[in-house]
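Work through the exercises below with the sequence and the coordinates at hand. Each task is followed by a solution in steps.

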Amino acid sequence: MQWENNEKAILGEKMNIVSEMKNGVNQITVDGRLIADGNKIFIPWNPQTAEKIYRWNQDSGETTWQLAESWKGENTVKVFRLSDKGRTALQELKVKDNQVTFRQMQKLHMLFIKEAAMQWLLI
């Protein structure tokens, strides 16, 4: 890890993860792609494969997130709600320019899964 100043740290094996305070809000990027913006989180479940993405947001409203590079070529994304009772299918979203846009539900744990990882659901 390397500190650029008291508000920015660079870390990871490839030094490709940046945690930085911007206007009083912590933002985390991987390879320049935003994965956390304060309480808005869109982070790979497994950083090595990035086939599933965990999402949390304290607020509601519409947001757009850039998908991991390994998601290029995906046309749709399956979205599931996570709870203490398991997962429930919510919807399928279209991918445009390797991004997904959706209306967020407040304080809802969600999982985004690309088609190639759907066999995980059979476990």
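**Exercise 1.** Decide whether Phe 112 is buried, partly exposed or exposed.

Solution. Step 1: set the classes; buried means under 20% relative accessible area, exposed over 50%, and partly exposed in between, with a 1.4 Å probe and protein chains only. Step 2: Phe 112 has 0% relative accessibility, so this residue counts as buried. Step 3: note the basis. This is a predicted model, in which local features need pLDDT of at least 70 and side-chain atom pairs count only at pLDDT 80 or more, while totals for chains, interfaces and linings use all residues. Residues are numbered from 1 along each chain as its sequence is written, and side-chain values use heavy atoms, with hydrogens and water left out.

**Exercise 2.** Find how many aromatic pairs there are, and classify the pair of Phe 42 and Phe 112.

Solution. Step 1: apply the ring rule; rings of Phe, Tyr and Trp (its six-membered ring) pair if their centres lie within 6.5 Å, and planes under 30 degrees apart count as stacked, over 60 as edge-to-face and the rest as tilted. Step 2: the count is 4 aromatic pairs. Step 3: Phe 42 and Phe 112 lie 5.1 Å apart centre to centre with 75° between the planes, an edge-to-face pair. Strands (E, at least two residues) and helices (H or I, at least four) are DSSP runs, numbered from the N terminus. Step 5: both Phe 42 and Phe 112 are buried.

**Exercise 3.** Classify the pair of Phe 102 and Phe 112, and state which residues the ring pairs link into a cluster.

Solution. Step 1: the centres of Phe 102 and Phe 112 are 5.1 Å apart and the planes make an angle of 50°, so the pair is tilted. Step 2: Phe 102 sits in strand E11 (residues 99-104), 10 residues from Phe 112 in strand E12. Step 3: Phe 102 has 3% relative accessibility and therefore counts as buried. Step 4: the cluster consists of Phe 42, Trp 65, Phe 102 and Phe 112, linked by ring pairs.

**Exercise 4.** List the salt bridges of the whole structure and the exposure of Glu 92 and Lys 78.

Solution. Step 1: the criterion is a side-chain nitrogen of Lys or Arg within 4 Å of a carboxyl oxygen of Asp or Glu. Step 2: the search finds 3 salt bridges. Step 3: list them with their N to O distances.
- Glu 20 and Lys 22, at 4.0 Å.
- Lys 72 and Glu 69, at 3.4 Å.
- Glu 92 and Lys 78, at 2.2 Å.

Step 1: the pair of Glu 92 in strand E10 and Lys 78 in strand E9 (residues 76-83) links distant parts of the chain, 14 residues apart. Step 5: Glu 92 is partly exposed at 45%, whereas Lys 78 counts as buried at 19% relative accessibility. Lys 72 and Glu 69 are both exposed.

**Exercise 5.** State how many helices and strands the protein chain has, and what its radius of gyration is.

Solution. Step 1: the protein chain has 0 helices and 12 strands. Step 2: the globule rule is 2.2 Å times the number of residues to the power 0.38, and the radius of gyration is taken over C-alpha atoms. Step 3: the radius of gyration is 15 Å, close to the 14 Å that the rule gives for 123 residues, so the chain is as compact as a globular protein of that length. Step 4: buried residues make up 37% of the 123 residues.
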